[in-house]
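Have a go at each task before you read its solution.

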Amino acid sequence: MKLLRTVNTTSKLASSINRRLLSTRPPHPLASKVTPSGPVPVARPSARSGFKNQRFSPLTGVLLATLVGTTTYLFGVQSTRTEGGGAARLKERDPTPSDFKKAMEEVKGVLPDDCYTQDKDTLWEFGATPWTYHDPRGLPGAILYPRSTADVVEIVKIASKHAIPIVPFSGGTSLEGHTLPPVWDSNEEEKETRAKLAKGEKLGKDDLVPGLAFVLSFSENMGEIIKINPDDLDCIVQPGISYDALNMTLKEEGIPLFFPVDPAPGAQIGGMIGTGASGTNAVRYGTMRDNVINLTVVLPNGEVIKTRARAKKSSAGPDLGKLFVGSEGTLGIVTEATLKLSPKLPYQVAVSSFPTIQDAANAVRDIVQQGIGVSCLELLDDVMVKAVNQKNRESKGARIWEEKPSLFIKFSGTEGQMKSDQEKTKTIAKSNKGSGFAFSRNESEAEDIWTSRKVALWSALDYVPGSRCWTTDVCVPISYLPALVAETKADTDEQGIVAPIVGHAGDGNFHALLLYSNDDEFKKVEGLVHRMVERAQRMEGTCTGEHGVGLGKMHHLEDELGKGTVDLLRNIKKTIDPQNIMNPGKLIPGLGGCSHGHGH
């Protein structure tokens with residue numbers, strides 16, 4: 001992973017780090033394509049030349065954040081552009097094949113030949129994702145590989161000029177259809193496709209034609225670390241780097257820090273910002289919303305802003321970074337992010353099993369309420385443990401666990417802190433009928449145990465051969481977690497659906513991976529997901545703790561936030577993106593234009 005700029009620090013360590021980082025490094029060992037079946041090694045192209053540093057002083061960042069946040073966009077000033085000497089209000093309109101052709105010709109004047117493609121096989125890869133239960137309904141028109149913020153600005157200006165929708169794309173591991181391209185009823189070339197969809201037919205690559213959207217893929221040319229500031233505990237990165245590659249680089253460079261937000265392996269920073277992702281470490285370190293300091297964003301009119309300065313705190317107006325984190329690419333395109341780094345502490349892990357999932361959830365509640373400083377507190381039901389065991393049997397020497405609901409717990413800190421926390425946790429586990437409390441004895445053993453938790457998703461996807469998976473998540477206040485998990489488990493059992501459950505239980509967030517093999521099972525799964533969301537919202541929770549809304553949960557948004565809040569969200573979208581070109585049809589219900597639907 002080549003760093004485009006150097007580490008910024010005054011320590012003696014920095015001198016040696018700087019010398020090493022100035023040299024060209026080989027491709028990062030984690031630069032591989034992650035799929036639901038596991039990582040697939042790929043040859044990652046080297047970063048293109050031509051990256052232009054975006055230089056903003058702290059004062060400029062503060063002024064931009066304040067002015068943009070309090071004056072321009074949130075108080076209803078509409079975007080305008082001048083053509084022929086007059087100002088014209090931008091309005092939403094459907095793109096046409098003619099518009100797309102003109103836009104593509106202009107893109108070819110901005111990007112070199114190796115930074116875009118209209119190859120149908122590649123369009124299919126971006127139009128159909130194995131990570132989501134949404135069937136492909138259309139293809140993008142082109143995949144663009146920008147090299148810099150400047151490239152993104154030019155692309156966005158072209159897209160705005162011709163009303164071409166843009167879908168930002170990083171790791172592609174999102175689960176609610178966030179990156180699927182929009183389908184336009186106005187596109188006559190897709191008329192036959194729409195007719196097949198109306199009949200309920202499932203579509204393959206040969207049934208689809210190139211559509212009218214640009215996908216901006218950042219993994220190829222914008223996946224670099226720009227700067228590391230060890231003394232300030234932060235770094236600046238591009239959107240196409242994965243969190244695990246960032247952490248591996250920090251480790252390689254001897255920097256005793258890490259980026260703590262850890263969703264499924266392969267997730268990249270751009271998508272993690274878009275969905276407001278989190279992971280196993282959230283109970284101690286928080287989510288993306290807590291770990292983003294500043295963003296460089298290209299707005300729908302091509303303007304570049306920075307949301308705030310690099311200082312750890314600021315009272316200079318609202319923190320507009322929070323507006324873009326979780327916006328799923330609907331308000332602008334993130335091209336750089338300043339992220340918090342945390343000290344890397346010694347850690348140990350433990351596993352305990354329980355007679356029922358409610359007993360395990362009760363233990364989670366008690367651990368959190370008694371203030372025990374765990375770093376991770378993960379809940380696996382008996383079905384998930386069986387799936388993990390099945391996967392582990394494929395690897396020589398891998399651990400096999402007692403097939404009961406279990407807690408995987410990570411402790412970190414000094415040896416004295418960890419010992420105290422472990423004793424208190426063991427007492428709580430026993431009081432909730434926990435047994436088999438196993439501790440790691442060293443770091444290698446801890447990593448070995450924790451691998452069983454991190455491969456849970458892949459284990460579940462492979463558990464029933466030939467099945468597909470609808471992965472969903474909800475989150476509730478911690479006191480409601482035992483009831484939520486127990487009711488959901490009873491519901492899936494009653495419907496006869498195999499549904500491994502895994503949760504970041506320490507913050508009330510859990511996932512159900514519902515497996516189905518035919519249309520009847522799909523309908524049952526659809527009902528289960530709907531009831532699971534209703535149940536969480538009834539318990540003062542949310543329809544999604546970390547996966548995001550995308551296509552799949554838009555219809556739940558108003559029930560959770562209320563009509564007034566959703567109306568405000570629509571108004572923000574219409575103000576910042578009056579043309580509705582930024583990832584249209586996602587997150588925000590009731591905006592019209594493109595259509596997606598969903599199937600299985």
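**Exercise 1: two helices**

Task: work out which residues of α19 and α20 meet, and how the two helices are angled.

Solution. Start with the contacts (heavy atoms within 4.5 Å): Leu557, Glu558 and Leu561 in α19 touch Lys563, Thr565, Val566, Leu569 and Arg570 in α20. Sorted by class, that contact has four nonpolar, one polar and three charged residues. Next, the axes, which are lines fitted to C-alpha atoms over the stretch in contact: those of α19 (residues 554-561) and α20 (residues 563-576) come within 6 Å and cross at roughly 125 degrees. The pair is therefore oblique, the label for whatever is left after under 35 degrees (roughly parallel), over 145 (roughly antiparallel) and 65 to 115 (roughly perpendicular).

A quick note on the source: this is a predicted model, where local features need pLDDT of at least 70 and side-chain atom pairs count only at pLDDT 80 or more, while totals for chains, interfaces and linings use all residues. Residues are numbered from 1 along each chain as its sequence is written, and side-chain values use heavy atoms, leaving out hydrogens and water.

**Exercise 2: serine 375**

Task: is serine 375 buried or exposed?

Solution. First place it: serine 375 sits in strand β17 (residues 374-380). Its relative accessible area is 2%, so serine 375 is buried (under 20%; exposed is over 50%). Finally, its side chain makes a polar contact with that of serine 412 at 2.5 Å (a pair of N or O atoms within 3.5 Å, one able to donate a hydrogen and the other to accept it).

Methods
Axes fitted to C-alpha atoms, helices over the stretch in contact; angles between N-to-C directions. Helix = DSSP H or I, 4+ residues; strand = E, 2+ residues; numbered from the N terminus. Nonpolar A, V, L, I, M, F, W, Y, C, P; charged D, E, K, R; others polar. Buried < 20%, exposed > 50% of the residue type's maximum accessible area, 1.4 Å probe, protein only.
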